Amino acid sequence: MKKPILLLFLVWGAIIITESCSTVPLTGRKQLTAIPSSQMFALSEQSYATVLEESKLSTDDYYVTMVKEVGVRLSRAVESYLKQNDLESAVEGYDWQYNVIVSDVLNAWCMPGGQIAFYEGILPVCEDENGVAVVMGHEIAHAVAQHGNERLSQELAIQMGGIALSEALKTQKETTLQLAMLAFGVGSQVGVQLPFSRTHESEADELGLYFMAMAGYDPRVAPEFWERMEKMSTNRPPEFLSTHPDPTNRIENLNRLMPKAMEYYTTR
């Protein structure tokens, strides 16, 4: 059974590789993104609206204000850096939105179109705006690096035979929307998790560290945040950690990247 699936994926990849290959900003990694940005953005808007409709939004002014202020500051810094380096197409068409959802879940995510949600449960672990910047920088990095597009493209290839997203939405809308939620990291909405690959996670850690530094947040607080998350996991494995790498390995990698991150921080 595995061989036909592998063959299908290889054939599908060979067909789209010449027209769907792109490069991740800053890291330079080559990637396959088979879904047009216009379709990804439309799907993101639809998925985000569904999440907000099915959730209770926080009325905690402190949380809501902090998340929005950090989000605006980070998104502006990212856009500014990308524009200065002729990479503004990476966030072209983004509709930045910031919301806090009432839930004790320790999680946060960013849709491919820039729509962000934090769950109240993770904010005490963040402690302050610097901790929020760690998480938000990481999630924005997933979006800027088009990890959602990569994951959804792969899932469409494996589970639906590589059909186009537009066709999948017509013929298997419910399944496709569920796959999109999983690909975008919104697993709590569907009761299943689809972990990001190690490549995606390492890349989001790296970019997120640089992004928060560009916005003027001290990147040296990132390892401290993950240490707090690790302590939390001893009593209750948080959803945020269930789909992410081991905190100890992550902390070591962040410390390895810190000298470069500090360059963005001191020269912003």
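**Ground rules.** In this predicted model, local features need pLDDT of at least 70 and side-chain atom pairs count only at pLDDT 80 or more, while totals for chains, interfaces and linings use all residues. Residues are numbered from 1 along each chain as its sequence is written, and side-chain values use heavy atoms, with hydrogens and water left out.

**Entry 1: the count.** I looked for salt bridges, taken as a side-chain nitrogen of Lys or Arg within 4 Å of a carboxyl oxygen of Asp or Glu. That rule gave me 6 salt bridges.

**Entry 2: Arg29 and Glu150.** I found these two paired, with their closest N and O atoms 2.8 Å apart. Glu150 sits in helix H6 (residues 147-160) and Arg29 in the loop between strand S1 (21-23) and strand S2 (30-32), 121 residues apart. My helices (H or I, at least four residues) and strands (E, at least two) are DSSP runs, numbered from the N terminus. I also checked Glu150 for burial: its relative accessible area is 5%, so it is buried (under 20%; exposed is over 50%, partly exposed in between, with a 1.4 Å probe and protein chains only).

**Entry 3: Arg29 again.** Arg29 also forms a salt bridge with Glu203, the closest N and O atoms being 2.8 Å apart. Glu203 lies in helix H9 (residues 198-214), 174 residues from Arg29. Glu203 is buried too, at 5%.

**Entry 4: Glu201 and Arg250.** Here the closest N and O atoms are 2.6 Å apart. This pair links helix H9 to helix H12 (residues 247-266), across 49 residues. Glu201 is buried at 1%, and Arg250 at 2%.

**Entry 5: the network.** Shared partners join Arg29, Glu150 and Glu203 into one salt-bridge network.
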